[in-house]
Amino acid sequence: MAHSDAQGQAPLAVWQDPTAKPYVRIEGVSRHFGEVHALNDVSLDIYQGEFFSLLGGSGCGKTTLLRLLAGLDTPTQGRIWIDGVDVTDMPAYRRPVNMMFQSYALFPHMTVEANVEFGLRQEKMPKVERAERVGEMLDLLHIGDLRKRRPDQISGGQRQRVALARSLAKHPKLLLLDEPLGALDKKLRTHTQFELVKLQERIGITFVTVTHDQEEAMTMSSRIAVMDAGQIIQVDTPGAIYEYPNSRMVASFIGSVNLFEGKVFGREGDDILVAGDDRLVMRLRCLQPLSLGTPVTVAVRPEKMRLCPECQGPGDNRVGGRVEDIAYLGNVSIFHVRVSPKQLVTMTMANTQPRTEQVLTWGQEVTMTWSAVCGVVLTE
Amino acid sequence: MPGEFLITRLLSRRWRPGRWLNIGLPYFWLLLFFFLPFVIVFQISLAEPQIAQPPYTALTEWVDEAVLQIRLNLGNFTLVMEDELYRAAFLNSLWVGLVSTLGCLLIGYPMAYAIATAPERWRVPLLMMIILPFWTSFLIRVYAWIGILKGNGLLNNFLLALGLIDEPLAILHTQTAVYIGVVYSYLPFMVLPLYANLSRLDLTLLEAAADLGCRPWRAFLRVTLPLSLPGILAGSLLVFIPVVGEFVIPDLLGGPDSLMVGRMLWTEFFSNKDWPLASALALVLLALLVVPFVALQRWQSRLEME
């Protein structure tokens, strides 16, 4: 069950509008390589203008799905529609789709200019128009100075721009990006993330990107599909995926999380009561009907936990333990607190005071607290 | 890049401490086995034949105590350049070299491409099939072609049995037989460098071409072919150069019309015992082969500069 941001007044996003027609429709698609099931019965709708990310670890099937959209591979089962046209059996060279490859795949024997022009030549676009479009693309990505250089004569960041320019040159309706920022160093990456989003908003093309970097997906995407073992586990906005993961897999893949195992033993209005190990009793907001005795996992993000004397509400959950480790990251500190022989709880705190005045030290006994709405009840 | 053929360049980049020895050794080798023989051949080419041991005159001679006479006979070169027969032999050799190189390229490219794109486990067996004939003597393999091509040979009998022809084809001892023999013998020299090149081709480039709207055939012309140019050049040189000087194949399979420099050289050297003329022939041949090689290298380095 997918939660969504509880914002009644906000206009409906396109994927929430039941009358909107999906731009890309993937229906029951599987791709098997012999015994290996790279994709298993995947269905997904992507809407026009979205910045959609396929997120997952390596081997989860995200790149396979992207290649199916590009037409570089055909599904074993299922159908794919792009803009209302069934493209399942359409070869790559006919699809109104362009892709930016992870390795960039720039033609090494051509100049930057010729690379960008390549797709336009295939379209038999007249020469004048072609030159104009190439100029436009080079300007858009600020690589005009490089037009006469060859791919081996420019830097990685510049190559990334050339690859992007080349894939945008034909004005595709759908742009596929395979780990677009994978080869860049961290600083350039953060910078480029924002640039990509700005670019996408400006030209209004639908982007589908593949990434294994959850931070990247969170920053750029309108929606994220979290994939695992050839299946889509959850599709939602970055906020919803982070705050309301639908499974243990999603909760632990996106950010860090504390998981408490327990059993439902009661309900009070919108809240349920969960009995965990070591007599831990938790009260959690849960609208889902769960019968007594159902085994559940409670997921609590480290930053949702606070130190005990601080603002303790009447219904708040509590757990005590001993500080085992402190990692100081500058803006935040991460505390590992041993609450039971089996369980270590992670709590992050913003360093609002200079370090010298920090309250917690190693070995200290602490009690941590979190409110009923800050924990998520997972059954899968 | 053809420069890679020079062992010296490869070696000189490594193992700094023994640099001089390292650079020196290959140069010494070249000096001993290339430059020195070249000088000897050059010297013989300027001499005159004589019936003696050695069968050519010395270039220098003491006329009396203090006068050293140097006699340079340029007649061999003028003969080689001007004589119709030699000129025809040179042209024919270059032509045979050109046609055979093209033949090897047309047959070898698809073979190399097929091997390079074959599933991993098939590549080694397929390559072995290319290399395997080398394990038999070159001479025997050329002789085998006589058995295949001759009047009542395998090919003719096969075609007669099928009823495709009424009388045996006269292939043996024609130029066609030379082409068949040369293309057969030199095909591996085309396939191997092409394979080495094509197997390194990044297949995502072809995917990128398809993604940008390129049909497979156009992708081949615009991406694969230009990128395999170094392989084509290397293979072509490996075929063209030895074929132009080829002796055994035209001698065994060719007829009276297959005039080739290699054969002429043999005749002058062994039958006519005219070492100076044979040497002059060899030098002109060398010059003819060095020119296209240098031109290609220049052209390629200019390509790389751009």
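# Notebook: the A–B interface and some local geometry

I started at the salt bridge between B:E207 and A:R67, whose side chains meet at 2.6 Å, N to O. The model is a predicted one, and I read each entry below with that in mind.

**Entry 1. The interface**

How many salt bridges are there between chain B and chain A? I count 1 salt bridge. Polar contacts came next: 7 residue pairs between chain B and chain A make one, both residues at pLDDT 80 or more. I then looked up which parts of chain B touch chain A. Helices α9 (203–211), α10 (216–227) and α14 of chain B each supply at least two residues of that side. The most comes from α9(B), with 7 residues.

I turned to the totals. On chain B, 20 residues are in contact with 25 residues of chain A. The area buried between the two chains is about 2,000 Å². Carbon and sulfur atoms give 56% of that area.

**Entry 2. Helix α1 of chain A**

I looked at α1(A), residues 62–70, for burial. Of its 9 residues, 7 are buried, so the helix is largely enclosed by the rest of the structure. The buried ones are A:K62, A:T64, A:L65, A:L66, A:L68, A:L69 and A:A70. After the helix comes A:G71, and I noted its positive phi, near 90 degrees.

**Entry 3. A buried glutamate in chain B**

I went to B:E246 next. I found B:E246 in the loop between α11 (229–244) and α12 (248–253) of chain B. B:E246 is buried and has no salt bridge. How far away is the nearest side chain of opposite charge? That side chain is B:R263, and the distance is 10 Å. A salt bridge would need a nitrogen within 4 Å of a carboxyl oxygen.

What does the side chain of B:E246 have a polar contact with? I found the side chain of B:Y186, at 2.4 Å. I also listed the residues that B:E246 touches, leaving out those up to four places away in sequence. They are B:F138, B:Y186, B:M260, B:G262 and B:R263.

**Entry 4. Strand β11 of chain A and its partners**

I followed β11(A), residues 258–268, to its pairings. With β14(A), residues 295–300, the strand runs antiparallel, joined by 6 bridges. In that pair I marked A:K263 opposite A:P295. With β12(A), residues 271–276, β11(A) pairs in the antiparallel sense, again over 6 bridges. Here A:E268 stands opposite A:D271. β11(A) and β12(A) form a hairpin with 2 residues between them. In the turn, A:G269 has a positive phi of about 65 degrees.

**Entry 5. An open sheet in chain A**

I traced a sheet of 5 strands in chain A. The order is β15-β19-β16-β17-β18, the sheet is open, and the pairing is antiparallel. Which strands stand at the edges? They are β15 (306–307) and β18 (344–350). Each has a single partner strand, so one side of each is left without a neighbour in the sheet. I also checked β16(A), residues 317–328, against β19(A), residues 365–370. The two run antiparallel, with 6 bridges between them. A:G320 stands opposite A:T367 in this pair.

**Entry 6. Backbone exceptions**

Most residues other than glycine have a negative phi, and most peptide bonds are trans.

A:Y104 is not a glycine, yet its phi is positive, about 70 degrees. The residue lies in the loop between β6 (97–100) and α2 (112–122) of chain A. Is A:Y104 buried or exposed? At 6% relative accessibility, A:Y104 counts as buried.

B:K273 also has a positive phi without being a glycine, at about 55 degrees. I placed B:K273 in the loop between α13 (261–271) and α14 (275–305) of chain B. With a relative accessible area of 48%, B:K273 is partly exposed.

Where is the cis peptide bond that I noted in chain B? The bond runs from B:Q53 to B:P54, with omega near -5 degrees. B:P54 sits in the loop between α2 (19–45) and β1 (60–64) of chain B.

How values were computed. Residues numbered from 1 in each chain as written. Chains lettered and ligands numbered in written order. Heavy atoms only, no water. Helix = DSSP H or I, 4+ residues; strand = E, 2+ residues; numbered from the N terminus. Buried < 20%, exposed > 50% of the residue type's maximum accessible area, 1.4 Å probe, protein only. Lys, Arg positive; Asp, Glu negative; His and termini not counted. Polar contact = N/O pair within 3.5 Å; in protein donor to acceptor, adjacent residues only side chain to side chain. Contact = heavy atoms within 4.5 Å. Pairing = 2+ DSSP bridges. Buried area = accessible area lost by both parts, 1.4 Å probe.
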